[in-house]
Amino acid sequence: MFIQTEPTPNPETLKFLPGREVLASGVVDCPDVESAEARSPLAAAIFGVEGVMRVFLGSDFITVTKSADLDWPHVKPFVLGAIMEHFVSNRPVLAGAPPAEADDAGIVYEGEAAEIVEQIKDLIETRVRPAVANDGGDISFHSWEHDNGIVKLNMRGACAGCPSSTLTLKQGIENLLRHYVPEVNAVEQVM
């Protein structure tokens, strides 16, 4: 099994491409070992490597964030080994059912707000998420403050904690959304 790696805009995060499907649908973000143990044997195995701080699973990639005090040359071989051992032994990627795709804050939008939210979600789904996935991350809609024109987004994977995430939000996503949806005044990250 050959596993490729790619850098991401976040220097503490690498994207691992095992050359096979990781998840059939959705994404899994494991910000700590407890969430990994509950959701994914693969993520739990990767957390067994010293210095691993976060694991994010996408359709055909795994992004791993390490602690800042360790260098990739010391961590990467062990992460590669954990991924390879997991896939070669044919263990399941997920513990239980596939993850439900997190949608938003559970807010019901009506009238003009509902139309705007639909436009925003469509733009995020078709233009933003595919580009961000190339960098090993994911961005999803969280909520819309109609009175203020503020879009709130969840950032996961390589995007979480990335030094360029503010630049991505403000110069990339905010400009895109403001261009297509004039009611948008700002974009903010939900922590």
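At which residue does helix 4 bend, and which proline follows within four residues? In this predicted model, helix 4 bends by about 40° at V128, and P130 is the proline that follows within four residues. The model contains an open sheet of five strands and another open sheet made of three strands. Helix 3 packs on the five-stranded sheet, whereas helix 4 lies across strand 6 and strand 7.

**Five-stranded sheet**

- The strand order is 1-2-5-4-3, and the pairing is antiparallel.
- Strand 1 (4-7) and strand 3 (28-30) are the edge strands, and each of them pairs on one side only.
- On average, neighbouring strands of this sheet are turned by 20° against each other, with direction ignored.
- Strand 1 and strand 2 form a hairpin, with five residues between them.
- The antiparallel pairing of strand 1 with strand 2 (residues 13-17) extends over four bridges; within strand 2, L14 is the bridge partner of P7.
- Helix 3 (residues 72-88) touches strand 1, strand 2, strand 4 (52-57) and strand 5 (62-66). The direction of helix 3 makes about 30° with that of strand 2.

**Largest nonpolar core**

- The largest nonpolar core has 26 residues, of which F16, I46, L57, I62 and V79 touch the most other members.
- Two or more residues each come from strand 2, strand 3, helix 2 (41-47), strand 4, strand 5 and helix 3.
- Helix 3 contributes the most to this core, giving six residues.
- Neighbours within four places in sequence left aside, V79 is in contact with F16, I46, V49, V52 and V64.
- Another core, of 22 residues, lies apart from the largest one; I120, V128, L153 and M155 are among its residues.

- Strand 7 (residues 150-157) pairs with strand 8 in the parallel sense over five bridges, and K152 stands opposite E188 in strand 8.

**Helix 4**

- Helix 4 (residues 111-134) runs at about 165° to strand 6.
- The 24 residues of helix 4, at 1.5 Å a residue, should span 34 Å; the end C-alpha atoms are 35 Å apart, which agrees with that expectation.
- Which residues of helix 4 are buried? They are A113, I116, V117, I120, L123, I124, V128, R129 and V132.
- An α-helix has 3.6 residues a turn, so residues three or four places apart point the same way.
- G136 follows helix 4, and its phi is positive, near 85°.

How values were computed
Residues numbered from 1 in each chain as written. Predicted model: local features only at pLDDT ≥ 70, side-chain atom pairs only at ≥ 80, totals over all residues. Heavy atoms only, no water. Pairing = 2+ DSSP bridges. Contact = heavy atoms within 4.5 Å. Axes fitted to C-alpha atoms, helices over the stretch in contact; angles between N-to-C directions. Expected span 1.5 Å × (residues − 1). Bend = angle between axes of the 7 residues up to and from the residue. Buried < 20%, exposed > 50% of the residue type's maximum accessible area, 1.4 Å probe, protein only. Core = buried A, V, L, I, M, F, W, Y, C linked by side-chain atoms within 4.5 Å.
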